[in-house]
Amino acid sequence: MKSKITSGFWHDRLKVNAQRAIFHQWEQLEASGCIENFRIAAGEVDGFREGWFFADSDAHKWLDAASRIYASFPTPELASIMEAYISLIARAQQPDGYLFTYNQIHFPNDRWKNLQIEHELYCHGHLIEAGVSHYQATTRTEALTIARRAADRIVEDFSDKGAQYTPGHEEIEIALLRLYQVTGHAPYLNMARQFIEQRGRDPFFALSIIRQNASVDARGKYVQQKRQEYLAAHPTFKPFQVPPGNAAKKPKNATLRWNLSALSGKYFQQHAPVRKQTVPVGHSVRFAYLETAIAMLARETGDKSLVPALEQAWERMVTRRMYVTGGIGSLPGMEGFGNDYELDPEFAYAETCAALASMFWNWEMAQLTHEAKYSDLFEWQLYNAAAVGMGLDGSTYLYNNPLTCKGGVTRKPWYAVPCCPSNLSRTWADLGKYIYSSNENEIFIHQYISSETSVEMDAPVKIRIESELSWKSKVRITVVPSAPAKFTLNVRLPSWLDTQTTHITCNGDLIAIPSPAAQNEATASGFDPRKSGWLHIKRFWNSGDVIEINFYISPQIYRAHPKVKGHQGKIAIVCGPLVYCLESTDNPHVDIFNAEVEITSLESVFDTALLGGITKIVGLSKTGETLTFIPYHLWGNRGESTMTVWINE
Ligand code: FUB
Ligand code: ZN
């Protein structure tokens with residue numbers, strides 16, 4: 001359900017997203033040659049195609065983000081770039097709907113070549129999503145028409161094919177389901193279902209990967225050779241210089257593990273049919289996109305047999321394979337999940353896109369099951385694992401997100417693989433969609449973000465949230481039914497709330513807060529969204545009824561599971577939905593990796609001068625030094641630094 005974000009923490013971030021980030025991203029896409037690739041494919045300019053084989057997806061994802069931003073921040077500048085890009089891709093698209101500049105330019109006779117590796121379907125997926133988003137934002141159909149032509153091509157070429165014709169990077173499934181939602185055209189739904197159902201059923205997958213790897217290598221070498229020739233023939237051509245990527249400390253045998261994961265199919269979630277995939281494995285963005293698509297399919301079709309595997313995989317991820325920030329994917333190189341409890345904070349990959357993908361999945365799960373824990377994890381990842389991806393200026397980004405940095409990680413204006421910036425921008429732009437939902441006689445408040453919406457119950461009900469989160473504690477929810485009405489308002493009780501101190505009232509009357517559900521197994525990270533629940537407020541609502549919540553947020557301590565190596569004697573400090581860290585910038589004379597914190601000394605203080613005005617946490621070390629903690633998502637905004645989330649107690 002749509003809502004308008006009105007003020008506060010997210011309003012400010014969304015302004016930066018709309019006024020700076022989206023334009024910066026376009027400039028980088030142009031400068032890096034990503035947009036020029038379409039001009040070359042359209043036959044309008046001579047030149048050399050630059051970037052990875054999946055580079056098209058970054059441009060399409062930009063249009064997706066720009067469209068969603070345009071829905072709340074319509075500016076002529078943005079409209080004009082979007083229009084130019086849509087017209088360009090219309091010209092680059094082949095008459096039969098195919099659009100993939102890597103093949104069009106370098107291998108015009110090849111199509112659907114190395115489906116596990118070369119991302120053809122992934123790029124078409126982002127093209128389709130962009131078309132859907134543009135249509136939803138503007139009601140214009142130019143981009144949607146391009147999307148439909150691409151989708152029709154795929155339906156034509158892939159319908160009724162088997163397991164070998166499923167993609168290695170899931171995305172097309174989400175795209176086809178979204179396209180089905182706006183068009184009602186059943187072949188799109190059926191195609192998405194086929195891609196999902198056929199996954200993990202190829203008995204000769206390992207052989208296929210060996211063959212595809214060899215082909216990708218040979219094609220890559222051919223492209224490199226052509227590039228050298230092009231550079232030699234065009235000495236004035238200055239290729240875009242991508243800043244060097246960030247260091248990612250790799251565990252032992254990283255390459256061997258990646259190869260084994262690929263051969264077994266786990267890297268691509270091709271090791272088993274989806275109903276048997278109960279453990280998060282492989283590339284973490286791919287994994288969470290697949291889970292998102294399965295949950296969407298289950299919602300669309302009512303096929304409940306898809307749900308248990310999703311629930312089990314979620315439980316396993318949350319209990320054993322997720323960082324305290326909500327980051328997922330502990331293995332660099334493979335960009336994916338490690339073993340249970342393998343959560344080294346320094347080699348944490350925790351790609352920004354993986355957190356976003358998990359948020360998409362959690363939203364679908366929340367709608368599918370109405371369980372609060374999914375919205376709780378959504379919130380945690382929103383504020384921590386995902387928010388860390390964009391700098392305060394909107395034009396610098398993090399791709400991998402370690403929880404300990406001993407140097408070598410800084411925010412960059414762009415990356416050789418720039419998948420995260422536009423993914424963040426499109427998610428933030430759509431944040432209003434994730435706050436409320438409803439069914440016949442219930443309204444759910446999933447997130448405490450200052451916003452307004454109107455819900456279609458028997459009669460329209462307006463709801464307004466005024467939230468001081470995440471810096472302060474108070475939330476006020478005003479309910480305005482157009483006529484007095486009986487329904488249940490479900491407000492999420494976050495996993496992080498303290499039941500002893502939190503106060504919730506309805507028109508001034510105190511409401512009792514139920515205790516969180518007990519859990520058998522402690523989580524690896526200390527953060528446990530399963531403690532979240534709903535407060536069901538069922539009554540006759542009159543215009544102007546008010547729910548007031550005071551969370552009285554204060555610094556809290558999370559400890560890792562004893563099975564997580566290297567975490568004994570360490571704590572993570574959180575406050576409300578925010579994870580905090582020690583950054584060297586605020587603690588220039590402290591050895592942040594060895595300091596021992598005096599837990600009883602911790603207090604939160606609002607500091608108007610720090611990072612644009614934030615709640616910091618201050619405390620003392622055992623040797624009397626002052627320690628200043630800032631929210632994890634804000635680290636790295638002031639140049640090169642060191643940082644740690646886990647600190648000695
Ligand atoms: O492969 C396309 C994107 O690039 C993935 O989603 C990211 O993880 C990165 O590998
Ligand atoms: Zn990414």
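Predicted model: local features only at pLDDT ≥ 70, side-chain atom pairs only at ≥ 80, totals over all residues.
A polar contact is a pair of N or O atoms within 3.5 Å, and a polar side-chain atom of histidine 119 lies 2.7 Å from an oxygen atom of ligand 1.

**Ligand 1 and its surroundings**

- The residues around ligand 1 are Phe54, His119, Tyr122, His169, His283, Val285, Glu335, Glu351, Tyr399, Val417 and Cys419, and sorted by class this shell holds six nonpolar, three polar and two charged residues.
- Glutamate 335 places a polar side-chain atom 2.7 Å from an oxygen atom of ligand 1, while an N or O atom in the side chain of glutamate 351 is 2.6 Å from an oxygen atom of the ligand.
- On its own, ligand 1 has 270 Å² of accessible area, and the protein covers 95% of that area.

**Nonpolar cores**

- The largest nonpolar core has 202 residues, of which Trp10, Trp62, Ile128, Ile477, Phe629, Trp635 and Val645 touch the most other members.
- When its neighbours within four places in sequence are left aside, phenylalanine 629 is in contact with Ile573, Tyr580, Cys581, Leu582, Val597, Leu602, Lys616, Ile617 and Ile647.
- As a general background, nonpolar side chains tend to be buried together in soluble globular proteins.

**Aromatic pairs**

- The count of aromatic pairs comes to 38, and one of them joins phenylalanine 158 and tyrosine 165 in an edge-to-face arrangement, with 6.3 Å from centre to centre and 70° between the planes.
- Phenylalanine 158 counts as buried because its relative accessibility is 1%, below the cut-off of 20%, whereas tyrosine 165, at 33% relative accessibility, counts as partly exposed.
- Tyrosine 399, which is among the residues around ligand 1, also pairs with tyrosine 415: their ring centres are 5.8 Å apart and their planes stand at 45°, so this pair is tilted.

How values were computed
Residues numbered from 1 in each chain as written. Chains lettered and ligands numbered in written order. Heavy atoms only, no water. Near = heavy atom within 4 Å. Polar contact = N/O pair within 3.5 Å; in protein donor to acceptor, adjacent residues only side chain to side chain. Areas by Shrake-Rupley, 256 points an atom, 1.4 Å probe, with all protein chains shown as cover. Nonpolar A, V, L, I, M, F, W, Y, C, P; charged D, E, K, R; others polar. Core = buried A, V, L, I, M, F, W, Y, C linked by side-chain atoms within 4.5 Å. Buried < 20%, exposed > 50% of the residue type's maximum accessible area, 1.4 Å probe, protein only. Contact = heavy atoms within 4.5 Å. Phe/Tyr/Trp six-rings, centres within 6.5 Å; stacked < 30°, edge-to-face > 60°.
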